[in-house]
Amino acid sequence: MTPQNLSQTALLLELEPTVEANLNRHLTTAKEWFPHEYVPWSLGTDFDGVLGGEKWTPEQSKLSDVARTSLIVNLLTEDNLPSYHHEIAVHFGRDGAWGTWVHRWTAEEGRHGAAIRDYLTVTRAVDPIALERARMDHMEVGFTNEYGDLGLIHSIAYVSFQELATRVSHRNTGRYSGDPVCEQLLARIALDENLHMVFYRDLLGAAFDLAPDLAMRAVCDVVKTFQMPGAGMENFARKSVQIAKAGIYDLRIHHDEVLTPVLRNLKVLERTGLSGEGERSREELVGFLSELDQAATRFTERRDALNAKRAAR
Ligand SMILES: [Fe+2]
Ligand SMILES: [Fe+2]
């Protein structure tokens, strides 16, 4: 075993009691829920093809173009669960409390894609053939944790922000949809994502106590290069611009509602016990956050100006 591997193993072992405590808290906090209760089955009718029902046409969808895009992005993101499971099983392991968490998390995530797909199909909100083809394409690309080689704490930092990003994205997509049934379902899914975030965030806190310099480096790297888990899907850039223009998920939201709450909760910017290197990482992080904040303001101003112009026309 190389020293690099050894230190990762040592970290896994050192963090295991926190994983166990957080897992137990999670199991007592998480409420059982049933995806089938959230799907308006009475609206369903057969499709053309095998059962000879009615072909899907765009007029059948009650959702706006942007709402559809956002729901598809969220669903395809959830669909890649086998790849996410693979990545966390490899990096967190399948033994002990880590393994119990990995499987529990996977089981909870498993209902998100199923429920959103059921809703979209039953309500004829999206083209089911295009959706299935997009799922195939997306899953065939898979997902790779780009922080895997950088070590365990990088992976923990990524999932801390990613779970919150997913929570916000689901919640705002639901609100934007204008359909109370959709909103109710996505709000329920967002609750799951929130508990996932809490689990990882607290674990990241323990990593800060254990290895402050490493944790600061990890947070700085992840914040600077953060990408949504679905970033690998086809036309993601174009879709995320649409989603940002609609205010469902934009830089302002990312800065204020995803990065800031995690950093504030862990008191990342006030951490003591850092070496010179850790201090430099923190300064780099602070510098990046202020640039991001400015970019967010520029984006919002441009968007508001464009919207005002459009409204005046
Ligand atoms: Fe999810
Ligand atoms: Fe999640």
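Colleague: Which helices each supply at least two residues of the lining of the largest pocket?

Modeller: They are H2, helix H6 (152–177), H8, helix H9 (236–245), helix H10 (251–265) and helix H11 (276–312). Helices here are DSSP runs of H or I with at least four residues, numbered from the N terminus. H9 gives the largest share, 6 residues. This is a predicted model, where local features need pLDDT of at least 70 and side-chain atom pairs 80 or more, while totals for chains, interfaces and linings use all residues. Residues are numbered from 1 along each chain as its sequence is written, chains are lettered from A and ligands numbered from 1 in the order written, and side-chain values use heavy atoms, without hydrogens and water.

Colleague: What makes a space a pocket?

Modeller: On a 1 Å grid over the protein atoms alone, a pocket is an open set of points where a 1.4 Å probe fits, with protein on both sides within 12 Å along at least five of seven lines; lining residues have an atom within 4 Å of a point. The largest one holds about 600 Å³ of space, counted as the space filled by probe spheres set on the points. It has 30 lining residues, and those closest to its centre are Gln227, Met228, Phe236, Ser240 and Tyr249.

Colleague: How do you know that the side chains of Asp79 and Arg117 make a polar contact?

Modeller: They are joined at 2.7 Å, and the cut-off for a pair of N or O atoms is 3.5 Å; within protein, one must be able to donate a hydrogen and the other to accept it, and sequence neighbours count only through side-chain atoms on both sides. The side chains of Asp213 and Ser275 also make one, at 2.7 Å.

Colleague: What makes the arrangement around the iron ion (ligand 2) irregular?

Modeller: Its protein donors (N, O or S atoms within 2.8 Å of the metal, 3.2 Å for Na, K and Ca) are Glu109, Glu163, Glu193 and His196. The 4 donor atoms subtend angles of 92 to 145°. Tetrahedral needs all angles between 85 and 135 degrees; square planar (four) or octahedral (six) needs opposite donors over 155 degrees apart and all others between 65 and 115; anything else is irregular. So this arrangement is irregular.
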